[in-house]
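The following note sets out points for a first reading of the model. Please keep the structure in view while working through them.

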Amino acid sequence: MSSHTLVKVAAPEDAVPPRIVPRRRLGQWTAAGAVLILFGLAVNSVARNEAFQWDVVGDYFTSASVLRGLGLTLWLTALVMALGFALGALLAAFRLSANPVLRAVSWGYVWLFRSMPILVQLLFWFNIGALYPTILGVRTVNLLGPVTVAIIGLTLHEAAYAAEVVRGGILSVDRGQIEAAEALGLSRWRRWWRIVLPQAMRSIVPPAGNMLIGTLKGTSIVSVIAVQDLLYSVQLVYHRTYQVIPLLMVATLWYVVVTSVLGVGQHYVERHYARGSERTR
């Protein structure tokens, strides 16, 4: 039987540990530099282009007519989102119901209103008087003004998408969570409010935030039916002054400002509902 002796060789005391050199990413830095140069050239071109008439933009950016149009746009966005998600939640409940009639009605609604362009819906409701001159003895011409038509058309449109967002969020909750809540004897209302909804919001909030921003920008389409939103307000001005480009820049900048604020709010709401998940890292 042979024996082996292990000899430990001591490293020299003055040995220098190997230096870790980060990998050189020459291609990435070159591409980043090229992008920054192009971005700088684009910004310089826009800032120095006299056709934008930045002095006119500054004069009208906070004018009374523009601010009134902005206020109507924000009000219309908030109202449409609230009504759209209320109706969408009801349609989602129908779609998840065991009743085949309710499921069919919900599916048909979503299919129909997602298939119709929003402009077509607005024009249809704007001309509803051609089909129904009176409703319950009231003339539809007097009943459905431009703002009412905008609310109806946008709400019905948003509800179809909100229904799918809410339904997808509910279906994302693991069935075992609901069964565990039932085993604990929680009522149906408490199961939905304390168990299902908080977990479903993780899947609902991101697309809902995108819908909110999309609705804000989508309200500009109501200008075709003479609703004095932000876009229509600047159109009234440039039809009088013929300063089309600077007035369009006024509307564009306001949309950028508001969507940026909404994007920041969406980030914090998502982080709130993502607590405890990997997405918070």
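1. A pocket here is an open set of points on a 1 Å grid over the protein atoms alone, where a 1.4 Å probe fits, with protein on both sides within 12 Å along at least five of seven lines; lining residues have an atom within 4 Å of a point. This is a predicted model, in which local features need pLDDT of at least 70 and side-chain atom pairs count only at pLDDT 80 or more, while totals for chains, interfaces and linings use all residues. Residues are numbered from 1 along each chain as its sequence is written, and side-chain values use heavy atoms, with hydrogens and water left out.

2. The space in the largest pocket is about 770 Å³, a volume being the space filled by probe spheres set on the points, which are joined across faces, edges and corners.

3. Which helix gives the most to this lining? It is α9, with 14 residues. At least two residues each come from α3 (64-95), α7 (146-171), α8 (175-183), α9 (188-218) and α11 (244-273). Helices are DSSP runs (H or I, at least four residues), numbered from the N terminus.

4. By class, the lining of the largest pocket holds 23 nonpolar, three polar and five charged residues. Ala, Val, Leu, Ile, Met, Phe, Trp, Tyr, Cys and Pro count as nonpolar, Asp, Glu, Lys and Arg as charged, and the others, Gly among them, as polar.

5. Helix α10 (residues 230-241) packs against α11 at an angle of about 165°, with the axes 9 Å apart. Axes are lines fitted to C-alpha atoms, for helices over the stretch in contact, and angles run from 0 to 180 degrees between N-to-C directions. The two helices, α10 and α11, are therefore roughly antiparallel (an angle over 145 degrees). The contact (heavy atoms within 4.5 Å) joins L230, L231, V234, V237, Y238 and T241 of α10 to V244, L247, L248, V250, A251, W254 and Y255 of α11. Its residues comprise twelve nonpolar, one polar and no charged.

6. The axes of α8 and α9 come within 10 Å and cross at roughly 160°, so α8 is roughly antiparallel to α9. Here Q177, I178, A181 and E182 of α8 meet R191, I195, V196 and Q199 of α9. The contact of α8 with α9 has four nonpolar, two polar and two charged residues.

Notes:
Parallel < 35°, antiparallel > 145°, perpendicular 65-115°, else oblique.
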